[in-house]
Amino acid sequence: MATVDDVRIIDLPKILDARGNLSFAENQNQIPFEIKRTYWIYDVPGGESRGGHAFRKNEEVVIALSGAFDVVVDDGKNKKTFNLNRSYYGLYIPKGLWREMENFSTNSFALEFGSVAYSEADYVREYEDFLKLKRNGEV
Ligand code: TYD
């Protein structure tokens, strides 16, 4: 069962160049799972938050491609906040953790890789349900 201590920053490669820098991420290499889905979040109005839910199976890597935001992860006992503010940091979030994204800077752009295709059945959207599933060792 994942805890907030299993969440980690992956330092992605950076190819520094006077013409502009380049970073990359490959399936099952820098990304520690097979990528089945990519999605992105943008145009977030000031003060809004996203992603208040847990996934039963989906693992993720979140990158602040532009700007900055906080990702708050929660295992039902402890919380940790990661401030993503570099386009070469990937935040790895295992399955079974509650996560929220907040404090988006203007024009920030969040890229996310997931290990399973979109399925509403994979979401736990009520925090009380999450706590119950966590207590029973079901997520
Ligand atoms: P949701 O995951 O709840 O957004 P967030 O975690 O950022 O708050 O998704 C919002 C809506 O978009 C929801 O109706 C489902 C839909 N959606 C897809 O159809 N495919 C996807 O890959 C994702 C991530 C969301």
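Student: What are the ground rules here?
Tutor: The model is predicted, with local features needing pLDDT of at least 70, side-chain atom pairs counting only at pLDDT 80 or more, and totals for chains, interfaces and linings using all residues. Residues are numbered from 1 along each chain as its sequence is written, and side-chain values use heavy atoms, without hydrogens and water.

Student: Which residues are around the ligand?
Tutor: R37, Y39, I41, R50, G51, H53, Y118, Y123 and R125, each with a heavy atom within 4 Å of the ligand.

Student: How far is the side chain of H53 from a ligand oxygen?
Tutor: An N or O atom of the H53 side chain is 2.7 Å from a ligand oxygen atom. For R125 the corresponding distance is 2.9 Å, and a polar side-chain atom of R50 also lies 2.9 Å from an oxygen atom of the ligand. A polar contact here is a pair of N or O atoms within 3.5 Å.

Student: How much of the ligand does the protein cover?
Tutor: 63% of the 530 Å² of accessible area that the ligand has on its own, by the Shrake-Rupley method with a 1.4 Å probe.

Student: Other topic: where is Q28?
Tutor: Q28 is in the loop between β3 (22-23) and β4, strands being DSSP runs of E with at least two residues. Its phi is near 55°, a positive value in a residue other than glycine.

Student: Is Q28 buried or exposed?
Tutor: Exposed, because its relative accessible area is 57%, and exposed means over 50% (1.4 Å probe, protein chains only).

Terms used: A polar contact is a pair of N or O atoms within 3.5 Å; within protein, one must be able to donate a hydrogen and the other to accept it, and residues adjacent in sequence count only if both atoms are side-chain atoms. Helices (H or I, at least four residues) and strands (E, at least two) are DSSP runs, numbered from the N terminus. Buried means under 20% relative accessible area, exposed over 50%, partly exposed in between (1.4 Å probe, protein chains only).
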